[in-house]
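Me: I am new to reading protein models. Can we go through one together?

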Amino acid sequence: MINITKRKDAPESLAKEKAKANGSYREEDVVLALFEDSHNKCYLCEDIHITTINVEHFHEHGGDKDLKFDWNNLHYACGHCNFTKNDTFKKGDSNLLNCANPECPVDYWIIYRIDHVS
Ligand SMILES: [Zn+2]
């Protein structure tokens with residue numbers, strides 16, 4: 001996991017879709033912006049060969065429209081990671097690293113270990 005910088009301005013469709021009764025947070029402009037800002041990688045496993053693209057909520061929205069359409073809560077993820085993480089992290093959980101938060105130095109918190117097997 002590496003830190004990423006998401007664009008400041010949310011894609012236009014988010015506000016429009018939020019105003020609808022059954023709006024979508026997965027419109028093309030959202031997916032494209034997440035794709036570009038995430039460098040075409042799942043924000044959790046960094047896989048670049050994603051076959052099932054998901055727009056993942058960092059904090060589960062539980063039907064809360066503010067969280068559901070919050071640009072800062074959306075991430076580009078593979079289906080595996082989205083399914084594995086599921087909706088287990090509520091807003092306020094402090095044990096989840098947010099790679100899009102500049103105040104969360106993921107490189108400091110994650111220790112990479114490579115073992116040589118001969
Ligand atoms: Zn993944």
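Me: Which residues in H2 are buried?

Reply: Keep in mind that this model is predicted. In H2, the buried residues are Val30, Ala33 and Leu34.

Me: Why do the buried residues of H2 line one face of the helix?

Reply: Start with the general idea. An α-helix has 3.6 residues a turn, so residues three or four places apart point the same way. Now this case. Looking down the axis of H2, the buried residues fall within an arc of 95°, so they line one face.

Me: What does the face turned away from the buried side of H2 carry?

Reply: That face carries exposed residues: Glu28, Leu32 and Glu36.

Me: What do the buried residues of H2 pack against?

Reply: They pack against helix H1 (13–19), E1 and E2.

Me: How should I read a nonpolar core?

Reply: In soluble globular proteins, nonpolar side chains tend to be buried together. Here the largest nonpolar core has 14 residues. Those touching the most other members include Tyr25, Val30 and Leu34. Helix H2 (28–37) and strand E2 (74–78) each supply at least two residues of this core. The largest share, 4 residues, comes from E2.

Me: Which residues is Tyr25 in contact with, leaving aside neighbours within four places in sequence?

Reply: Among them are Leu14, Val30, Val55 and Phe69.

Me: Is Gly62 buried or exposed?

Reply: Count the other C-beta atoms within 10 Å; a residue with 12 or fewer is exposed. Gly62 has 11, so Gly62 is exposed. Gly62 is found in the loop between strand E1 (53–57) and helix H3 (65–68).

Note on methods. Residues numbered from 1 in each chain as written. Predicted model: local features only at pLDDT ≥ 70, side-chain atom pairs only at ≥ 80, totals over all residues. Core = buried A, V, L, I, M, F, W, Y, C linked by C-beta atoms within 7 Å. Buried ≥ 20, exposed ≤ 12 C-beta atoms within 10 Å, placed from the backbone. Contact = placed C-beta atoms within 7 Å. Arc of directions from axis to C-beta.
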